[in-house]
Amino acid sequence: MKFEVIKFSEKTRARRGKIFTFHGEIDTPVFMPVGTQASVKTMAPHELEELGAKIILGNTYHLYLRPGHKLIEEAGGLHKFMNWRGSILTDSGGYQVFSLGELREIREEGVTFRSHIDGSIHFISPEISIEIQNSLGADIIMCFDECIPYPSTYEYVKNSVERTTRWAQRCKKHHKKSEQALFGIVQGGLFEELRKKSAKDITDLDFEGYAVGGLSVGEPKQEMYKVLDYTVPLLPENKPRYLMGVGSPDALFEGVIRGIDMFDCVLPTRIARHGTVFTKKGKLVVRNAKYAKDFSPLDPECDCYVCKNFSRAYIRHLLNAGEILGLRLTTYHNLHFLLKIMEEIRKAIEGDYLLELKEEFFKKFGYEDE
Ligand SMILES: COC(=O)c1ccc(CCNc2nc3cc4nc(N)[nH]c(=O)c4cc3[nH]2)cc1
Ligand SMILES: [Zn+2]
């Protein structure tokens, strides 16, 4: 993997860059749609390509449990299995095991957990996580870490951060496939001293990119931004920075401004399936009765396939009638909306008007200015 900064923003820490993987070029800052179980829910690969998605996420935890990483390896790897021609980043399980699996035990060696699917007992270690990700064949893989719950005591965070660093060393030692780029993950909760220690220890191990983990776990957004303010500057400028689990429109702007290059979040696809869509003028709950006879598009200012061909009334009907097409149309539009924001952000960095773009977007979307 190669990363190039094409332009540094003048008035913010934002960067316009390009990531080159075996599966193509990725313009940054980038939003990565989440395809947890080898599918971005309701979207076919050609639709993701139409939307301009260049990289998607897969999850080690889910794919290990079902259908199994060995089966996917036999299929020729995750790209071939799901017929996705772009790039893939797989998360290491360091979040899902803690958030989905019924945690049984965390030890130095690794984590024992119960599967959320059938209750069977499993063990995952840094080495096993790397082996699973090697089998899946993602272009970018993540270290096995502990995503520390919020809130946690200083003592707990300190011990966890030190273990996550030891796990990162084991991941680096065990990772052999050079065609897969391994990213380190910085933890530290909301404690500035622990964040700085984690950033130093993880960057000293020299990875191909760095994620800021342990955020978007329920902490106030302003707290997350503060952590970025003092953590991101400690990460090397010539490597990609990835803010895990972040994806609301405001957080994308705030993260880019603070020097983040990569984002992922289930938000746009998950709220879509619950009948909420993004528009330039804020969120719209299209399944709401008031749209029963609203024959205008989801977002009159949107140029996506859905907004050019279907009305709020029709999509509301589909959702209420449990028609699967309804989920597909809201998902397609929400992904277009976020991918389009990222395209506008990239142009704004190139033209040095990112803060003006943010101002205009926030005002129209209805974000109150802090
Ligand atoms: C409707 O919207 C939703 O349902 C919804 C659900 C979850 C998130 C938050 C996701 N946050 C998040 N994902 C994360 C994934 C992570 N992976 C690793 N390995 N380490 C981390 O430290 C880590 C932190 C995260 N924080 C955001 C939105
Ligand atoms: Zn649209």
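Guide: What follows takes the labels one by one; the model is a predicted one.

Visitor: How many aromatic pairs does the structure hold?

Guide: The structure holds 17 aromatic pairs. One of them joins phenylalanine 278 and phenylalanine 365.

Visitor: Why is the pair of phenylalanine 278 and phenylalanine 365 called tilted?

Guide: The centres are 6.3 Å apart and the planes stand at 50°.

Visitor: What makes phenylalanine 278 and phenylalanine 365 buried?

Guide: Phenylalanine 278 has a relative accessible area of 0%, and phenylalanine 365 has 9%. Buried means under 20%, so both values qualify.

Visitor: Why is the pair of phenylalanine 361 and phenylalanine 362 called edge-to-face?

Guide: The angle between the planes is 65°, with 6.5 Å centre to centre. An angle over 60 degrees counts as edge-to-face, so this pair takes that name. Phenylalanine 361 and phenylalanine 362 are both buried.

Visitor: Which residues form one aromatic cluster?

Guide: The cluster is formed by Phe253, Phe278, Phe337, Phe361, Phe362, Phe365 and Tyr367.

Visitor: How do you know that lysine 2 lies over the face of phenylalanine 20?

Guide: Lysine 2 is at 4.4 Å from the ring centre. The distance limit is 6 Å, with the charge also within 35 degrees of the ring normal. Lysine 172 likewise lies over the face of phenylalanine 207, at 5.6 Å from the ring centre.

Notes:
Residues numbered from 1 in each chain as written. Chains lettered and ligands numbered in written order. Predicted model: local features only at pLDDT ≥ 70, side-chain atom pairs only at ≥ 80, totals over all residues. Heavy atoms only, no water. Phe/Tyr/Trp six-rings, centres within 6.5 Å; stacked < 30°, edge-to-face > 60°. Buried < 20%, exposed > 50% of the residue type's maximum accessible area, 1.4 Å probe, protein only.
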